[in-house]
Amino acid sequence: MAEKHVARISVIVPVYNALGTLPACLEALGRQTDPDYEVIVVDDRSTDGSLDLAREIAGRLSFRVVELPFNKGQAVARNEGARVATGDLLAFVDADVTVPEDWLARYRRLLAAHPDVAVFCSGYVVSAGDPPPALFASHEAFFRRLNLPSLELRTTTSANCVMSRRVFDEVGGYPEYYIDATADNRARKAVAANEDSELGFLIAARGHHIRWTHDNLVRHHFRDTWRAYLKQQLSFSRMGALS
């Protein structure tokens, strides 16, 4: 009897100046129990030594590191990771996130049990830091999503999700926006405009299914000062309005 094909999962980690959180993120990915996965670290022209650190850890764990020639933003970094990925499934996680050892295995089981679902997203279990602003942000995110039904969504997250490579390619990946789309943008940074949510809009518009699960939570490093937290929330509001 022929062995059943196990779809490879390509994990893509965009990195920009994440020196303090990157080791925990990559070490956790190196401990995954999943039978077939690869990790692609995309450095978005970091200036704090993250690239050298990523290369050191990746060399030990047999991960791949891709270096962008210019600081292009997370949408571009994720798309570049997807471009070189070899997996049938794409998993996305941020450099300030630490995943459990069965993170990929849980997603694989969910996709096998729901073959009609193109994307599964999940959230955060607890802050990976102790300052009061980080703990507040962690609890706020948890309770905001506590009653989110495990049903159909029309949006996606980017810090903790897995999706079909075929569907990702079908919609053209994460939307990349520029202030002047007619200019030569090779050296310009893409304007963040809720690109993770907009990817979900594109996927749902094509008739594909997106689901939320409460059963595959990760640890996240939230902003550790009130100033940084409020600045982030204002940015989220602005990007959501633009979207």
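## The region after helix α7

Helix α7 is followed by G207, a residue whose phi is positive, near 90°. The model described here is predicted.

Helix α7 itself spans residues 195-205 and is mostly covered, with eight of its 11 residues buried.

## Cysteines

The structure holds zero disulfides. C121 is accordingly in no disulfide, and the nearest cysteine sulfur, that of C161, is 5.1 Å away. A disulfide would require the two sulfur atoms to be within 2.5 Å.

C121 is buried, at 0% relative accessibility. C25 is likewise buried, and its relative accessible area is 1%.

## Helix α1 and residue A24

A24 is placed in helix α1, which covers residues 22-30. This alanine is partly exposed, with a relative accessible area of 36%; the range for that class lies between 20% and 50%.

A24 can also be related to a residue elsewhere in the chain. The C-alpha atoms of A24 and A95 are separated by 8.8 Å, while the two residues are 71 residues apart along the chain.

Conventions: Residues are numbered from 1 along each chain as its sequence is written. This is a predicted model: local features need pLDDT of at least 70, side-chain atom pairs count only at pLDDT 80 or more; totals for chains, interfaces and linings use all residues. Side-chain values use heavy atoms; hydrogens and water are left out. Buried means under 20% relative accessible area, exposed over 50%, partly exposed in between (1.4 Å probe, protein chains only). Helices (H or I, at least four residues) and strands (E, at least two) are DSSP runs, numbered from the N terminus.
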